[in-house]
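Subject: A structure for you to explore

Hi there,

Here is the structure I promised to pass on. Please open it next to this email, and then read on for what I found in it.

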Amino acid sequence: MSIVFIAPDPDIARQYRGILACAPDKVEVVEALLSEAIPVARQLEERDAEVFVARGGTAMLLRQAGIKSPIVELHLTSADVVQALTEAKSKAHFDHAAIAIVAFPGMIQNLLDFLPLLSLPLRCYTLTSEDDAPGRVDEAIAAGAQVLLGGAITVKIAR
């Protein structure tokens, strides 16, 4: 194996495996959320993993943990942002829902880039670590958020 994709949950792991099925001998998909990925990456690095591919918060934590192999961060695309905002608005069941994003800086910046083009009441709550997530989710709900957007940790806590 040379490339390791780190998925934050079973659904994303399944998507990665489906997309990457054409190269099973060169790619491995593992499931680990945020700091859970650090010992997994260290173990796989010892087994000759050459590159890690991860999303925002997990990629950030792997870098901070000193993983020596290159870490490629999967960024949100414009289509991802539009899809998330459309889904958030539809789940609210009315036009002027209070939407909050609780996420790591990369995801928040992508949404902020779109805000001037949209007329959505969106408040942002930035995570600096996974330990911030429960408090920031509670803060967003206490401030009146009816719909939350975020990564896997936000979804897990909000549920």
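Predicted model: local features only at pLDDT ≥ 70, side-chain atom pairs only at ≥ 80, totals over all residues.

You will find P121 in the loop between α5 (105–114) and β6. Which residues is P121 in contact with, leaving aside its neighbours within four places in sequence? They are H96, A97, A98 and I99. For H96, the separation from P121 is 25 residues in sequence, while the two C-alpha atoms lie 7.1 Å apart in space.

Strand β5 (residues 99–103) is joined to β7 by 4 bridges, and the two run parallel. I101 has L149 as its bridge partner in β7, and V102 stands opposite G150 in β7. The two faces of β7 are worth a look too: V147 and L149 make up the covered face, whereas L148 and G150 make up the uncovered one.

Strand β5 also holds A103. Is A103 buried or exposed? A103 counts as buried because its relative accessibility is 3%, and the cut-off for buried is under 20%. Not counting residues up to four places away in sequence, A103 touches I108, Y125, T126, L127, G150 and T154. A103 and G56 are 47 residues apart in sequence, yet from C-alpha to C-alpha they are 9.0 Å apart in space.

The sheet with four strands

There is also an open sheet of 4 strands, in the order β2-β1-β3-β4, with parallel pairing. β2 (27–31) and β4 are at its edges, and each has a single partner strand, so one side of each is left without a neighbour in the sheet. Ignoring direction, neighbouring strands here are turned by 25 degrees against each other on average.

You can follow the pairing strand by strand:

- β1 and β3 run parallel and are joined by 3 bridges; the bridge partner of I3 in β3 is V51.
- β3 and β4 pair in the parallel sense over 4 bridges; R55 has L74 as its bridge partner in β4, and A54 stands opposite E73 in β4.

Helix α3 packs on this sheet, where it touches β1, β3 and β4. The direction of α3 makes about 135 degrees with that of β3.

Helix α3 and its neighbour α2

Which residues of α3 are buried? They are G57, T58, A59, L61 and L62. These buried residues pack against β1 (3–7), α2, β3 (51–55) and β4 (71–74). After α3 comes G66, with a positive phi near 85 degrees.

Next, the two helices. Two packed helices are described by the angle between their axes and the distance between the axes. Helix α2 (residues 37–46) and helix α3 (residues 56–64) pack at about 60 degrees, and their axes are 10 Å apart. That angle is why α2 is called oblique to α3. Their crossing is right-handed. On the α2 side, the contact is made by A37, I38 and A41; on the α3 side, by T58, L61 and L62. How many of the residues in this contact are nonpolar, polar or charged? There are 5 nonpolar, 1 polar and no charged.

An α-helix has 3.6 residues a turn, so residues three or four places apart point the same way.

Enjoy exploring, and send me your questions!

Best wishes

Conventions
Residues numbered from 1 in each chain as written. Heavy atoms only, no water. Axes fitted to C-alpha atoms, helices over the stretch in contact; angles between N-to-C directions. Parallel < 35°, antiparallel > 145°, perpendicular 65-115°, else oblique. Left-handed = near helix turned anticlockwise from the far one by under 90°. Contact = heavy atoms within 4.5 Å. Nonpolar A, V, L, I, M, F, W, Y, C, P; charged D, E, K, R; others polar. Buried < 20%, exposed > 50% of the residue type's maximum accessible area, 1.4 Å probe, protein only. Pairing = 2+ DSSP bridges.
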